[in-house]
Structures are given as structure tokens and as C-alpha cells.
Amino acid sequence: MAFEFVTIYWRDMLRFVRFKIALVASLVQPALWMALYGAAMSSNFSRLSSVMAVPEGATTISYLTFMGAGVIALTTLFTSLFGGISLLFDKNWGLMRELLASPMPRNHIIIGIGLSGMTKSFIQVMVIMGFGLFIGVRFFPGYTTIQTAGAIFGILLFVGIFSIGFIFLSSAISMTMETPEGLQAVVTLLTLPLFFASNALYPIDAFPGPVRVMSQFNPLTHLVNGVRYFAIGDDFYAIGAHYVYTTNDIILSLLALTAFASIMFLVAWRVFKKAVVT
Amino acid sequence: MVINLFVMKPALGRDLSHAIGCLRLKLDIDSQQYKTGLRTIKTMENIIEVNGLEYSYGNFKAVDGISFFVREGEIFSFLGPNGAGKSTVINILTTLLPVQKGSVIIAGYDLATQPEQVRRSIGIVFQDETLDRDLTVKETLELHGRIYSMQRDERRRRIDEIIKLVELEDKRDVRTRNLSGGMKRRLEIGRGLMTRPKVLFLDEPTIGLDTQTRRRLWDYIKLVNDSGTTIFLTTHYMDEADQVSDWIDIVDHGKIIASGNPAKLKNALGRDMIYLETSDDEASMNMLKGLKAVMDVKVAAHGLAVTINTDGTHCLPLIMNRLRDGGIRIIGANLKKPTLDDVFVHYTGRDIRNAGVEKLHRIQPRRSR
């Protein structure tokens, strides 16, 4: 059994910790976003939805709580999509030749980078949840300590699979790109549709047909489903939509994310096997 | 202290090379052919064997049927102008490019079918800096040891040895971004040696470094070679190749166009010049013209310029004896041998230094980005 991917992981985490500005920015940015956007939209949506009739027996949750799950998902998406950029820098100005000319199997590079990206997302998500609770996000309503721990585990499971899938995608793109600008362009192109055709910030029920279908194939939607299920519950009402998650829905979302991550791994593996860096 | 010992070794080797070079000339051996029996050899084992290697980028054939071998324990120089196919060959040998056609055996392993074993048998110092600037010296070596799956105890021991060897003890926990160019290069060489490779590939190891740093680097490289590691070298500095190489292959247009030890290559040009000041230049001229080794005699500023077609080192005493026997007094004598630069220009029609400048400019913007 070879453990070289641990080395790749170790080195990437070492850089993450050493690159102080990036570290701090990656933690402050989602918090700021939630504080400003959340506060602004929350008061607007509260006013708009206050006239709507709440269905019998449903628990109404605040918009801030609703979007808290979305912020977790979006932050994970952004971080993971850019997570492969270190490979691009390695390729152009760093260690890539050393890694590719070593006897280490190349999929260890992908796995190592994937796991370190996942760890970074975990750290971010924990910080966002902590900050969210502090500014009034009502996660884990009435949960016992054990239930809360279970819910956090569930959230991290979803976040982990989602992030590693996008890190694989990002790694594959990075290895085929010549410049960081190219990666940036592709990532931006991917981010916006994923972002808007998802349920991260608003319900998808009112989407026009094609967009709704798109959103069903959007990994981001499945991540948000999972996070909301664990953080808020399986039955709640927010900004004019009634959310009911069955266990099957959640298992389906988990499977969708797993399938996505597996496909992305194969894509990245193929790119790495064929990669030539001289 | 140790280093001084090694300065002596190549000097001895060079004398031997001269002798062999002279011998080869006397036998009138075609300079483009290998006569393995005369190679300055340390062992008879071939550590690298390349046969009929070809590589194309699309329609462009960068390597056009190259065959050569490297003896175990020698310093082998692979020289050529830019675009000659040199880098492609090195990238194939270091497993960064696939073998398209032909065969390569390194340390007994077939490159096409056993790339992992080849990778475990070689160390590489890449032409461009290949360091993580955020890792320390120790971590850089640690990472290398780990991805080559060295066991922890051995890894730790080797890290200490290597850091000592390349004299970076007080930089152990300094990030590589804060090292000087020479230190970085030493670290990269040390890293290449971590796993005790059979062959160390050095691609332009001294490019962009000042003279003093270059000299120190060569001391390390000779030290490494003397402990048994075969060195595969490319360089743009002909004087360096001349001083350290046991054998040189010159490649151009995807083919090997000349090979030999440095002395042989230089002698093969047959352009040794002897400048003589004598008591009677005219009589000397007539006397010299009768000699077989003398190609041409001209009157120069203060005497005679004699072009000879054999190794001047051995020819000069003979000429002087002949003149003395003819009653001529020799006032002064000077021997100018062709440099490896002359050899390079002769075979490639290009000057490696001019070709090199272009390359230097190309890689420099890299660091500033």
C-alpha cells in the first residue's frame, strides 16, 4: 500500500497554513458575505414574505437561516473550483516536474490535492457555521448535543464529497491550462451558471422549466439539500416555499454527489496520465 | 579538504585522455565513430544505452534516430545548440516524455516498459528551478524522500547527510525562496542525490550562476561522480564540459554528429598551432615543410606560425628536436590548441554561447511572474 498522497496532502496544507493572507481571506470572505448580503436580503425577504400565508403545521425559518446553508455551499464551490490552481503554479513555476518524474503514481497527486482541498473546505464551513450562529442563523433548532454532532457530521459528509469532486475538476482544468488567467476564465464561466441555477439563495420551485431541470443536475443543489436537511430539518417553510425532505431525497442527493465526484476523479486521472510537463 | 583531493583526479584523467586522443589520431580513427576500446573508461558496463531513438512533435522530427551509450561511473556530456533535439532526449531519458520509437535502457531497465524502476534509478536536476518556494530546505528533501518512498529512518539520515554534503547546515529551516541562486542549485543537486541514484541527470546545472558558484558546484559534482554516480550532463559552458567530461556527444538536427573525449574532439580538428621564434626563420620554414605532421607554415609577426595535423603536445618537442638537430636555435615556442568551442562551431556551424543567450533570456521572466 502506497501512502505518497499523504505527502502531497502534507505539503499542500503546509502551504495553506504558511500563506497567511490567503488563509485569513478565505475565512473572512464568506463571513463578510453572510454578514452583509444576509443582513440586507434578510430584511427584504422578511417584508415580502410576511404577507404570504404559512401552510398549516410548517415551521417558518428566517431568510438568514435559509441562506446560511447556501453560503456554506457557495463558499465550498468557490474554494474547490480554485483549489486546483496550486497545480497550475506547480506546473509553470514549481514542483510539477519533480512530482511527475518521481515513481509516485500520478493519481496520488490528484488524491492528495483533493483531500487537502476537502480539509480547507471543512475549516471554512466550521468557521461559517460558528460565525452564522453568532449573527443569528438558527441552525440545529432544538437539537441535543448528540443530534448536533450528528448533523455536523452529515453536513461535512456532503461538503466533503462535493468539494473533492470540484477539486478534481479544478485539477483537471489546471493541468490543461497554460496560464492562471485561462483557469480564471473557465472557473468564472462555470461558477455563475452553477450559482444561479441552484437552490442556494432562493427556492427552485418557481424556476422556468428548463432551468429547473438544470438545477436538478446541479451538484450545488444537492449539496444545499444535504446541508439544509442536516442544519435546519426535514420540514420547514422559507420565503414562500414549503420544504419537505424525505430520507430518500437525501440519499439520492448523496448518491448524485458521489457519482459526480467519481466521474471528476476519472476525468482528472485521465488528464494526469496524459499530462506532459517538460 | 576533501574537495582538494578531487581537483587532482580529473587532471590525471585528462592526461590519460590526451594520450588516448593522440593514439587515436595516429591510428587515424574516424572521429564520428565509436571505438569503445579506447574510451576513457572506468568500467565496461553501460549504464545508459540508447538505440535508434526517434521523437516527433507532429510532423517535426526532433530526434532522428539517435544511438549512444553512457559508461557506468563516467561524466557524460550531451551537447548541442538550441533546437538540436537535446532537451527532447533528456526529457525522454528522465521519463517526462514517452519513448515513441527506438529503445532506451537505463540501469538495466527498459524505459518503455519499466519506467518506475528507471525513475527509482535516476536523480534529476532540471534546467529550470524546480523548488517549492514555501518549503524549507529540510522539507524539500523530506518531500523528495517521501515521494520516492524512502523509509523514515533512512530518510532522516539521508537528509542530514545531504544537507551536510551541500553545505546548507545553517539554512536547514530556511524557506527556499530566501536562498541564493547557488544555494538553490546545490539543494537541487542534493535532492537529486537523496535516493543514491545510479545516474544523475544535470540539465544546465550552472546556467545563470557566477563563476565562483559554478566552480563550487563542479566540486560537488566531481565529488558525487567520484563516489560512483554516473553523471549525464548538458551545459552551454564549453570550458566546463571540457574540464569535467570523460566523454562528449554533440547532437544537432536530431542526430549525433560527433563524439569522443574532450582531448580527442579537439585534436580531431587537426588545427593545433605552434608559434616559433628561431634564429633563422627561413631555414626553419624549409626544414618544417618537409615534415609529415606539418600542414602549413606561415611567417607571423615575430616568427613562424605552424599548423600541424597531430596533437601539438607531442608534436612540439619533435619539431624542436628537429630544428636543433638542423643547427637552429629556438628562442621561443608557444602551442595553441583548439578549444571545445572551436570543436562545437566546427561541427554545428553555430556558436553555443550565442545560442545560449537566447535561452537565458527566455527563462529569466519566469522568476519575476
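Helices, in what follows, are DSSP runs of H or I of at least four residues, strands are runs of E of at least two, and both are numbered from the N terminus. Good morning, colleagues. The model before us is a predicted one, in which local features need pLDDT of at least 70, side-chain atom pairs count only at pLDDT 80 or more, and totals for chains, interfaces and linings use all residues. Residues are numbered from 1 along each chain as its sequence is written, while chains are lettered from A and ligands numbered from 1 in the order in which they are written.

Let me begin with chain A. Its secondary structure comprises 11 helices and two strands, and from the N terminus the order is α-α-α-α-α-α-α-α-α-α-β-β-α. The C-alpha atoms occupy a box of roughly 65 × 40 × 35 Å along the principal axes. The radius of gyration, taken over C-alpha atoms, is compared with a globule rule of 2.2 Å times the number of residues to the power 0.38. For 278 residues a compact globule would come near 19 Å, and the 20 Å of chain A agrees with that. Of these residues, 46% are buried, a term that requires 20 or more other C-beta atoms within 10 Å of the residue's own, with C-beta atoms placed from the backbone.

I turn to a helix pair within chain A. How far apart are the axes of α7(A) and α11(A)? Helix α7 (residues 145-176) and helix α11 (residues 247-274) of chain A have axes 8 Å apart and pack at about 25°. Axes here are lines fitted to C-alpha atoms over the stretch in contact, with angles from 0 to 180 degrees between N-to-C directions. Since angles under 35 degrees count as roughly parallel, α7(A) and α11(A) are therefore roughly parallel to each other. Their contact (C-beta atoms, placed from the backbone, within 7 Å) includes A:Phe158, A:Phe162 and A:Phe168 of α7(A), and A:Phe260, A:Phe265 and A:Phe272 of α11(A). By class, this contact has 18 nonpolar, four polar and no charged residues; Ala, Val, Leu, Ile, Met, Phe, Trp, Tyr, Cys and Pro count as nonpolar, Asp, Glu, Lys and Arg as charged, and the others, Gly among them, as polar.

Finally, the two chains meet. The contact draws 22 residues from chain A and 21 residues from chain B. On the side of chain A, α1 (4-18) and α5 (96-100) each give two or more residues, and α1(A) gives the most, with six. That side has 12 nonpolar, four polar and six charged residues.

How values were computed
Parallel < 35°, antiparallel > 145°, perpendicular 65-115°, else oblique. Contact = placed C-beta atoms within 7 Å. Buried ≥ 20, exposed ≤ 12 C-beta atoms within 10 Å, placed from the backbone.
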